[in-house]
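Welcome, and please take a moment to look over the sequence and the model before reading on. The report below goes through the fold piece by piece.

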Amino acid sequence: MKHLRPPALEDDALAGSLARLARAGQDLRWIAPADRTRLERSTGFPGSHLDEALRRAFRPYNREACRRLVRQARPPGPTGGDRVLLAILAGPIPALATGVLFPALAARFAVRIRPSAREPLFARLLMSLVAREAPELVPSVGIVPLRSGDPRLDREVREAPVVLAYGTDDTLRALADLRGDRPLLGGGHRESLVLLDRTSLESPRNRRRLADAVARDVCLYDQGGCLSPTLLLLEPGPETDLFLRDLRDSLFRAALRWPVAPRDLETRGFLRMQVEALRDLAGQAGGSFWTPPGGLVPAVAVLPPGVPPLRPSPGHRILQVLLCRDASDLTRLAPDLRDHLQGIACTGNPSRLREILPGPFQAPYLCRPGRLQAPPAGWPENGRPLHLALAAIRPRLGATA
Amino acid sequence: MIPPASGPPLADLEARVRAFLQADSPDPRTFRELLIPIAEVQGLLPPGARRSPEAVRPVPESAFKTRAIACFDPAEAQAEFRSSGTTTGWPGRHLVRDLSLYRLSVLGGFRRFVLYDPRPGFFVRLVPEGSVRPHSSLSRMIDFVVEAFAENPPVPVRQGDRLDLEAFRGACARAREAGRPLCLLATTLDLLALVSGLGNRAVPLPPGSRVMHTGGAKASGRSVDRAALRRDLERLLAIPPDDVVEEYGMTELMSQAYDSPRVVPGPRRFVPVPWLRTRVVHPVSLRSVPEGRQGLLLHLDLANLHTAVAVLTGDLARRVRDGFGEVWRVPGSLPRGCSLEAAKAASPSPGIAPEREP
């Protein structure tokens, strides 16, 4: 494995390098056509969907944001060889890789990325972009091309100065066992939701705007990210019915705008079972269910009172709607979201959620509808911004990369 | 609970269903004549829909987990069969209004597909008794089979979660001495445990002996090499591959399909009993797939008269002639199946009872 060392640049130079990298990343010509085709296949996001996913991966890291990250995470003294982060990624979303690379480099950590087995290509392309646009950072980045179960990966996990990992709760538990008392960042399964109050749905224009915003958050990345809303909480009322009609239209349009690769038989089978389960649940009094003609998704299931949502959420653009009077009902309606919330998009004042919801139901990221998939650089993923979490790790004397 | 809709009373239909189940050569047209009114009574054929089997709206198997599927007062159920649901702690429940209908279906299927000549004189069950597992549809099924067809009391080979290999060898010896075929009834995982426990010590059975196993690939997500299992059974028990019958069933159904080469020649496949029709359907359109293609299994089971005559499962399979094969669970669906009951016995292997000294 390549020996990495943390970025040895002054603040301004480091922020400049990062911003230059992000700017280059947003000009999608940096990916060769053949690589792009392969990336469409491996991510499952073809055409305009991949364009959007790539732009969103780099957009947060403008010059101002990079300066802020570097300043906030500035280490107190000289950096040493123990500032190496091993990042174990999960899933096909490009923003996951950049969401590690930029904050970690800003915190003057070298980064070794172990891409997800499902989508290993983007991380490799990202390394080539670094080599082209910010060669001064090349000594600080690398790839770990080892598969799960490879004893060499276990050794890497055990010995890396710091590990950041995403994956299932079980994966995280297994990694924690390997790490012992050494620093392990990241988190297991997380979901997000949207809360809309009734007054925000009174005006037809607002309803359409909110429907578009929710549909965007749902459809991007095929509802596969921790910031993808899987639940929508609404107050019952005539405006709500009108909003749901708008939402169906918006979801249909968003699904066309951001297509996904053809799903395999097993995924289609899974989706059919989830759709039928929700159709059955929503078919009881007070519920409703919608899928587009001739298709399974996007789907909207309004669950009748007292019917719990399917957990874990099916994903793939299936939105479950719960009707409730108050946000605090969340604890009763979806109790197993406890400690599993990543983001909440809401109308009104988001800070009121801090007062209404008990701690385990607080989401680290609060935003307006339509902004769930656009978190700013340095957002508090899993409760703490990565660059600050890294900055807080005290170096181990004598450790090496 | 499914609210009874318009149509002939279920009692009228039940008499006709029972007659259909008991017929030696049931008229296939009668299936459709029964299916449509049953679906109407169960509310599975929306008003105004075409009166065809394709128009029947199936109940997803998940519905058995979330609500009582019954066209009768659930308090009147004679039995409640439960699927494993071990991961969620939320098992599927099949409320059985009349066990005699289940018995009729079970015996009719077993007689057709397993009791071919020469008829077995001995039965060995590795599946626990219904008295031990009152909510297991498989245990109850084997109870019915043994009560109806066993000439000798079945040998108790199972002791809790363990298999008593010595008792099994004793039963095999008695069958050999009597020169009568033996029928071994087991879950697939139990069979694997048995094979593992026997090691290389063969106990050949008389010609005509057979195995009926069930659960297969649905068991706990563990893949089962059927060809290897059949080879092992031939090597250890002298049972030819064609006498290894596999049953496909599920808690949510009152009827079964069988892969029984002696009865249904040709490529190995599950063929349903005449009162169960299984369609392999495209997951999106729910239309039947062409021969050789894969899809979800959608069952139309007349014996589900009191619950849901059409059930859409999370099983994927390939359409093969008049049946289906290569069954596996939709990923993301919970591992399930009767074999789960035996998982403890099969893995780890210490579940096998230690050999007694001769």
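## A loop to start with

In which loop of chain A does A:His316 lie? A:His316 belongs to the loop between β9 and β10 of chain A. Keep in mind as you look that this is a predicted model. The phi angle of A:His316 is near 55°, a positive value in a residue other than glycine. A:His316 counts as buried because it has 20 C-beta neighbours inside 10 Å.

A:Arg317 is found in the loop between β9 and β10 of chain A as well. Its phi is near 75°, again a positive value in a residue other than glycine. With 25 other C-beta atoms within 10 Å, A:Arg317 is buried. The loop between β9 (299–303) and β10 (318–323) of chain A also holds A:Pro312, and the peptide bond joining A:Arg311 and A:Pro312 is cis, with omega about -5°.

## Chain A as a whole

Stepping back, chain A contains 14 helices and 12 strands. Its C-alpha trace spans about 65 × 45 × 40 Å along the principal axes. The radius of gyration of chain A is 22 Å, which agrees with the value near 21 Å that a compact globule of 401 residues would have.

Buried residues account for 47% of the 401 residues in chain A. Of the contacts in chain A between residues at least 6 apart in sequence, 71% join residues at least 24 apart.

The domain assignment divides chain A into domain 1 (11–189 + 378–391) and domain 2 (191–367). Taken over C-alpha atoms, the centres of domain 1 and domain 2 of chain A are 29 Å apart.

Where the two meet, 17 residues of domain 1 of chain A are in contact with 14 residues of domain 2 of chain A. On the domain 1 side, helix α3 (residues 47–58) of chain A supplies the largest share, five residues. By class, that domain 1 side has six nonpolar, eight polar and three charged residues.

In soluble globular proteins, nonpolar side chains tend to be buried together. Here the largest nonpolar core has 219 residues, and A:Leu18, A:Leu85 and A:Val111 have the most contacts inside it. Helix α5 (residues 94–106) of chain A gives the most to this core, nine residues. Domain 1 and domain 2 of chain A each provide at least three residues to this core.

## Where the chains touch

Between the chains, 14 residues of chain A are in contact with 16 residues of chain B. The chain A side of this contact comprises seven nonpolar, two polar and five charged residues.

Chain B has an open sheet of seven strands, in the order β5-β4-β8-β9-β10-β11-β12, with mixed pairing. Strands β5 (155–156) and β12 (271–272) of chain B stand at the edges with a single partner strand each, so one side of each is left without a neighbour in the sheet.

Within chain B, strands β10 (residues 244–248) and β11 (residues 257–259) run antiparallel and are joined by three bridges. B:Tyr248 stands opposite B:Ala257 in β11 of chain B.

Chain B also has a cis peptide bond, from B:Asp117 to B:Pro118, with omega near -5°. B:Pro118 is in the loop between α4 (99–113) and β4 (122–125) of chain B.

How values were computed: Residues numbered from 1 in each chain as written. Chains lettered and ligands numbered in written order. Predicted model: local features only at pLDDT ≥ 70, side-chain atom pairs only at ≥ 80, totals over all residues. Helix = DSSP H or I, 4+ residues; strand = E, 2+ residues; numbered from the N terminus. Rg over C-alpha atoms; globule rule 2.2 N^0.38 Å. Buried ≥ 20, exposed ≤ 12 C-beta atoms within 10 Å, placed from the backbone. Contact = placed C-beta atoms within 7 Å. Domains from an automatic or database assignment. Nonpolar A, V, L, I, M, F, W, Y, C, P; charged D, E, K, R; others polar. Core = buried A, V, L, I, M, F, W, Y, C linked by C-beta atoms within 7 Å. Pairing = 2+ DSSP bridges.
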